[in-house]
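This briefing is for a reader who is meeting the structure for the first time. Please look at the sequence and the model first.

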Amino acid sequence: MAEPRRDQVEDDQQAEAGVRRQLDEHLDEQLVDMLRPEVEAAEAVLTGDGEEEQKKKAEPDRPQTTDKDFFHALGGWGALLDIGLPWIAFLIVYAVSDHDLTLALIIAVAVAGLVAILRLVRKQPLRNVAGGFIGVLISAWVANRTGNATDVYLPGLLTNLGYGAVYLITVLIRWPLFGVLYGVITQTGTAWRKDPAMLKGFSRATMVFVGLFAIRLVVQVPLYLTDSLNALGIAKVGLGLPFYALALWLAYSVLRGSLPPDKWDEARDHVTHLLRGNRK
C-alpha cells in the first residue's frame, strides 16, 4: 500500500487544527456568556451600583412620581374650582331673582349635582364626589328650614370650627392629623412618630390648616352675625377656592422643606399612588 504524500498529511493536520481552533473559540464564547451575569453582579457590588437595581426590582410597579403628579392626584385646579361653583351660583341667582331663596337653593343644589357628575366622569375618588354634593345639600336644607339666606353658610362655619379644633388638638398632643393619616394610608402605622423630621413636618403641615380654618372663622363669623349676605358669600368663595389652594401649597411646601429629600420622595410617592387608587 502506498504511503500518503507528505503535502497531503500536512493539509489534513492544518484542517484538523483549524477545526479545533474554531471549537475552542466557540467554547470560550459560551463560557463568557454563562459567566457574564455573575461578573456584572460582582462589578455592581464593588462599584455600589447594585443597590439601585435591587430597589427597582423590589418595586417594579411603583414608578417614581413628581410634585406635579402629586398635585394632579389631588384633583388639580379643576377640583379646586368645583368647590366654589355652587356658592357662586347661589349668590347670582339670589341677587337676580329678587331674593328668591327657594330658587337660589335649587340652582345651587343642581350645580353641585352637575359638579358631582363631572367629578365622576373625571374618575375622581367617590369620597370627593359625595362630600361636595352632600355639603351643599345640608347647607340648602338648613337655609330652607330657617328661611334665612345667610344660614346657607352656617354648616360651613360649624364645619370649620370643628375641623380647626380637631386639627389643633392633634398637634398639641403630638399626634398631628396629617401624620396619623399618612400612617394609615401607607400602612406604616406610627413609624413616622419615631422620626423627628417627619413628626415636625406633619405637625407644621397640620398647623397650616389650623390657620386656614381660624382665618375663615375670623372673617366670616362677624359677617354672619350682621346678616351681611353678599359680603359673606364673597368671603365664602374667596376663602374657599383661592385660600384652600394657598393653604394646600403652603402645607405641601412646609412638609417638603421639613423632610430630607429621600424621605420626601418616599412620602410623596406613597400618597400620590394611594390617591390615584394604586395599592402596593
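The points below cover helices, the loop before one of them, a surface patch and aromatic pairs.

This is a predicted model, in which local features need pLDDT of at least 70, side-chain atom pairs count only at pLDDT 80 or more, and totals for chains, interfaces and linings use all residues. Residues are numbered from 1 along each chain as its sequence is written, and side-chain values use heavy atoms, with hydrogens and water left out. Helices (H or I, at least four residues) and strands (E, at least two) are DSSP runs, numbered from the N terminus.

- The expected span is 1.5 Å times one less than the number of residues.
- The buried residues of α5 include Leu101, Leu105, Val109, Val115 and Arg119. Buried means under 20% relative accessible area, exposed over 50%, and partly exposed in between, with a 1.4 Å probe and protein chains only.
- Asp100 caps the N-terminal end of α5, with a side-chain oxygen 3.3 Å from the backbone nitrogen of Thr102. A polar contact is a pair of N or O atoms within 3.5 Å; within protein, one must be able to donate a hydrogen and the other to accept it, and residues adjacent in sequence count only if both atoms are side-chain atoms.
- Asp98 is in the loop between α4 (76-96) and α5; Asp98 is not a glycine, yet has a positive phi of about 60 degrees. Asp98 counts as exposed because its relative accessibility is 67%.
- His99 lies in the loop between α4 and α5, and its phi is also positive, near 65 degrees. At 51% relative accessibility, His99 counts as exposed.
- After α5 comes Lys123, with a positive phi near 60 degrees.

**Helix α7**

- The 19 residues of α7 should span 27 Å at 1.5 Å a residue, and the end C-alpha atoms are 27 Å apart, which agrees.
- Among the buried residues of α7 are Pro155, Leu157, Asn160, Tyr167 and Val171.
- Arg174 follows α7 and has a positive phi, near 65 degrees.

**Aromatic pairs**

- The whole structure holds 15 aromatic pairs. Rings of Phe, Tyr and Trp (its six-membered ring) pair if their centres lie within 6.5 Å; planes under 30 degrees apart count as stacked, over 60 as edge-to-face and the rest as tilted.
- The rings of Phe90 and Tyr153 are an edge-to-face pair, because their planes are at 85 degrees, with centres 6.3 Å apart. Phe90 is in helix α4 and Tyr153 in the loop between α6 (126-146) and α7, 63 residues apart. Both Phe90 and Tyr153 are buried.
- Phe209 and Tyr244 also form an edge-to-face pair, with ring centres 6.1 Å apart and planes at 70 degrees. Phe209 lies in helix α9 and Tyr244 in helix α11 (residues 241-258), so the pair ties together parts that are 35 residues apart in sequence.
- Phe209 counts as buried at 6% relative accessibility, whereas Tyr244 counts as partly exposed at 28%.
- Ring pairs join Tyr163, Tyr167, Phe178, Phe209, Phe213 and Tyr244 into a cluster.

**Between α8 and α9**

- Asp195 is in the loop between α8 and α9 (196-225) and counts as buried at 14% relative accessibility.
- The Asp195 side chain reaches the backbone nitrogen of Ala197 at 3.0 Å.
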